[in-house]
Amino acid sequence: KNSKLRSLLFIPVGYGRFSIESNFMELPLLRILDLREARFKGGKLPSSIGKLIHLKYLSLADASVTYLPSSLRNLKSLLYLNLRINSGQLINVPNVFKEMLELRYLCLPKETTSLTMLELGNLLKLEKLMNFSTKDSSVTDLHGMTRLRTLSILISGGGWGMETLSSALSILGHLEDLTVTPEFSVQFKLPIYRPMLPDVQHLLLILQ
């Protein structure tokens with residue numbers, strides 16, 4: 001135990017995953033916590049992670065997690081949050097992001113339950129947003145994210161419309177990388193007005 005530890009990275013070796021059982025959450029000064037490919041007892045990320053209020057960087061990329069605690073909302077200093085977890089099942093993502101006002105990078109889980117409803121409209125400093133789902137969030141949440149440079153959208157459910165989506169994307173003047181993935185194999189055109197590109201007034205995305 002080292003209460004003054006600032007960075008903690010778990011590096012998997014070979015093809016095996018490692019299990020975390022020790023209470024590393026007692027490290028109150030942690031700034032960086034990388035738990036990629038980790039396993040947790042019962043698949044639950046301990047709620048005590050909410051005590052790491054100084055965290056700037058948290059990655060659960062490919063970690064075997066089936067439960068995310070609501071105490072994540074306490075991590076208001078985060079700049080980077082990667083929740084691209086490997087749950088093997090649908091996961092309920094708690095609505096914990098609206099007070100993470102400093103976030104620059106956010107990657108959300110792809111497979112979520114119908115109970116997941118996320119408010120993301122306050123994340124005005126985001127520069128990269130991955131796996132934004134029209135099922136889990138309102139497209140209008142994108143309106144204030146004018147710093148976004150990279151955005152990936154999962155289109156599913158009925159909470160979106162072509163005009164609304166086009167309008168939201170047209171506001172994102174700094175966008176450089178856009179990926180739109182429909183739930184089913186469909187083909188449609190998505191007009192996006194880009195005032196920063198006067199010679200090409202519309203960008204047409206054909207998804208199939």
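1. Met-100 is buried, at a relative accessible area of 0%. Buried means under 20% relative accessible area, exposed over 50%, and partly exposed in between, with a 1.4 Å probe and protein chains only. Met-100 sits in the loop between β6 (80-82) and β7 (105-107). Strands (E, at least two residues) and helices (H or I, at least four) are DSSP runs, numbered from the N terminus. Leaving aside neighbours within four places in sequence, Met-100 is in contact with Leu-72, Arg-73, Leu-75, Lys-76, Leu-78, Leu-81 and Leu-123. Contact means heavy atoms within 4.5 Å. Leu-72 is 28 residues from Met-100 along the chain, and their C-alpha atoms are separated by 9.6 Å.

2. A word on the basis. This is a predicted model: local features need pLDDT of at least 70, side-chain atom pairs count only at pLDDT 80 or more, and totals for chains, interfaces and linings use all residues. Residues are numbered from 1 along each chain as its sequence is written, and side-chain values use heavy atoms, with hydrogens and water left out.

3. Overall make-up. Along the sequence the pattern reads β-β-β-β-β-β-β-β-β-α-β-β-β. Of the 208 residues, 44% are buried. Among contacts between residues at least 6 apart in sequence, 41% join residues at least 24 apart.

4. The core. The largest nonpolar core holds 48 residues. Such a core is a set of buried Ala, Val, Leu, Ile, Met, Phe, Trp, Tyr and Cys residues joined through side-chain atoms within 4.5 Å. Phe-97, Leu-106, Leu-129, Leu-142 and Leu-151 have the most contacts inside this core. At least two core residues come from each of β4 (38-40), β8 (128-133), β9 (150-155) and α1 (162-171). Leu-129 touches Leu-106, Leu-108, Leu-142, Met-145, Leu-148, Thr-150, Leu-151 and Ser-152, not counting residues up to four places away in sequence.

5. Thr-116. This residue lies in the loop between β7 and β8. Thr-116 is buried, with a relative accessible area of 1%. Its side chain makes a polar contact of 3.3 Å with the side chain of Asn-92. The side chain of Thr-116 also reaches the backbone nitrogen of Val-93 at 3.1 Å. A polar contact is a pair of N or O atoms within 3.5 Å; within protein, one must be able to donate a hydrogen and the other to accept it, and residues adjacent in sequence count only if both atoms are side-chain atoms.

6. Ser-170. Helix α1 contains Ser-170, which is buried at 14% relative accessible area. A polar atom of the Ser-170 side chain lies 2.8 Å from the backbone oxygen of Ser-166.

7. Positive phi. Most residues other than glycine have a negative phi. Asp-62 has a positive phi of about 60° although it is not a glycine. Asp-62 is in the loop between β5 (57-59) and β6, and is partly exposed at 29% relative accessible area. Asn-131 also has a positive phi, near 65°. Asn-131 is in strand β8 and counts as buried, at 8% relative accessibility.
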